[in-house]
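Try each task before reading its solution.

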Amino acid sequence: MKISIAPIPYFWEKDRVLAFYQQLQDAPVDIVYLGETVCSKRRELGLTNWLAIAEQLTVAGKEVILSTLTLIEAESELAGLKQIVENNRYPVEANDMAAVQLLAGRGKFVIGPHINTYNSKTLALLHEMGASRWVVPVELGNKTISSLQNNRPLGLETELFTYGRLPLAFSARCFTARAHNRPKDSCEFICLDYPDGLTMYTQDKASFLVLNGIQVQSAAIHNLITHLDELKKQHIDIIRIAPQAEGTTEISTIIKHALDGGLSQDMAAKQLEQYQSNNVCDGYWNDQAGMSQSGSPVDV
Amino acid sequence: MELICPAGNLPSLRAAIDNGADAVYIGFRNATNARNFPGLNFSPEEAIEGLHYAKESGKRIFLAVNTYATPESWKEAVDTVDTAAEIGVDALILADIGLMQYASHSHPDLRLHLSVQASATNRHAIALYHERFGIKRVVLPRVLSLAQVQNLVEKTAVEVEVFGYGSLCVMVEGRCALSSFVTGDSPNSAGVCSPAHAVRWVETPSGRESYLNGVLINRYKNKEMAGYPTLCKGRFQVNDKVFHAIEEPTSLNLLEILPDLLKSGVTAIKVEGRQRSKAYVSLVTRTLREALDACLADPENFTPSSDSIAQLMLLSEGSCHTLGAYHRPWQ
């Protein structure tokens, strides 16, 4: 199994982004997804900057994919999408059907986690259009995945979100701006203040979700480290790790050791704890509520 | 401009037709549609009865098959599409491209609409569904501004339907897994959001608490009106402040901008709420019918009557209305 790093979901200053990918060059990861997937107002880096990072990562031996925006409404966002699709150098991850429409027939592309791929017919159809890899929608459990894997088209790679805060929902409303009583149009880039997103708690003080601009994530870290053997058995080709403000390189190193058998899965789980500001969950994989964790009592 | 109204059973369907709906949308009693609630929806026999009733008044019936079928539920979804074609529904409302391909190949004469659950928010996405599966109409997610809706009407080859009244999804439809994160069931996979089986109410000395699968969604002081714990409409704490951090309980109401929608060439406005009562469907349909007729007769001078606003306000979630994303500052 290969390891991939998802696009950075948060809004970071340019220097922080550059440092992050500088560090990743030496990390034991195979594939790196680059670009802004959440909010088109985040413009610390333009396509030229992303392509420069892509070049460095390629030189360092990484496979680079350019990711596209998930919610596309404005003509300006479509124009940005078109530029990425026509980059002529790197494959593209489609996160909206607009991207699929533009990519179909242009060669290989990746179906991102925000395209709803729930059955074999859909998978076959997207493969026919040119998809050579798909990232499983986060809410699918191992039973459904197993069935999809058994019928997947030849040559289609499967990538599974394996570690990090789950990307759960997108809106036209900016929740981070809302929490600061600012309209989205004058958000003053408040997201820059929250490199790991803004945690939302229940009234009994449990961390619940993370607000990341127009995206909502889980506060819990989705962690399938103790399921790696099952993932292998299901012929998952690539495991995806989501960037977080600190520790992404270390996290990928631990997971790589566990994959290679140099570290037991339990030991890896233990070592990962130091990078977890929150509890962990693995419910989706077990066909349960995403927030639940194997071995924990379920409160229904 | 057509008025499309919801029905969760035959009496509501008849009420919608009687009160002025141009078309009624329904779902079968299974997990193939986004209102898979206990005690709701139609058997094929009831759907046939509804079709007859609509036909007599020259009205139409649309059937929603708008969840995303998994391999386990694929057969049920395909059977539902076949049944819909067999009984002669006027249009099928689909979200999944696998199912769209099946429907367009197996039943080429069946009219297809793109469900709001397909999250098509731009012209390229809509073009994909139009070119590959021949969809005739798109139902737009409730996240677009009025200007964006107008732009889409101009630039797409298909009819445009927008939500005009009812509960408001603040998330892009089809792209929200919050409910499955908390309960295991989501609109995409199971046709439900914040399902009733996961709801628990607790009375405490200081008031009521609502929980969804053990997660505290809201606390109500004594005498405060309590709402259904839809998880995005709870009160949570962010930066030491407790508030409706995602969305207030409020209803979408587009009465105010009816003339703008009409002018922009929107084909139909849709009322949310297949889970609502017959009385609700009757009142909302009648009120919107009157408003639409008044607007069609004299769009330049149309303003919603205070009576119609009052009527709809009574039915609103949290007794509160919003223009949602149609009104740019909301975004």
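This is a predicted model: local features need pLDDT of at least 70, side-chain atom pairs count only at pLDDT 80 or more; totals for chains, interfaces and linings use all residues.

Residues are numbered from 1 along each chain as its sequence is written, chains are lettered from A and ligands numbered from 1 in the order in which they are written, and side-chain values use heavy atoms, without hydrogens and water.

**Exercise 1. Trace the ring cluster.**

Task: Find which residues are linked into a cluster by ring pairs.

Solution: 
1. Set the rule. Rings of Phe, Tyr and Trp (its six-membered ring) pair if their centres lie within 6.5 Å; planes under 30 degrees apart are stacked, over 60 edge-to-face, and the rest tilted.
2. Count. This rule gives seven aromatic pairs over all chains.
3. Take one pair. Trp12(A) and Phe20(A) are edge-to-face, with 5.3 Å centre to centre and 70° between the planes.
4. Check burial (buried is under 20% relative accessible area, exposed over 50%, partly exposed in between; 1.4 Å probe, protein chains only). Trp12(A) has 3% relative accessibility, so it counts as buried. Phe20(A), at 8%, is buried too.
5. Take another pair. Tyr21(A) and Trp50(A) are edge-to-face, at 6.3 Å and 75°. Tyr21(A) lies in helix H1 (residues 14-24) and Trp50(A) in helix H2 (residues 47-59) of chain A, 29 residues apart. Helices (H or I, at least four residues) and strands (E, at least two) are DSSP runs, numbered from the N terminus. Both Tyr21(A) and Trp50(A) are buried.
6. Join up. The cluster holds Trp12(A), Phe20(A), Tyr21(A) and Trp50(A).

**Exercise 2. Read the sides of H2(A).**

Task: Which residues of H2(A) are buried, and what do they pack against?

Solution: 
1. List them: Trp50(A), Ile53(A), Ala54(A) and Leu57(A).
2. Their arc around the axis (from directions to the C-beta atoms) is only 105°, so they lie on the same side of H2(A).
3. Look across. Thr48(A) and Val59(A) are exposed on the other side.
4. Find the partners by contact (heavy atoms within 4.5 Å). The buried residues pack against H1, strand E2 (31-34) and strand E3 (63-67) of chain A.
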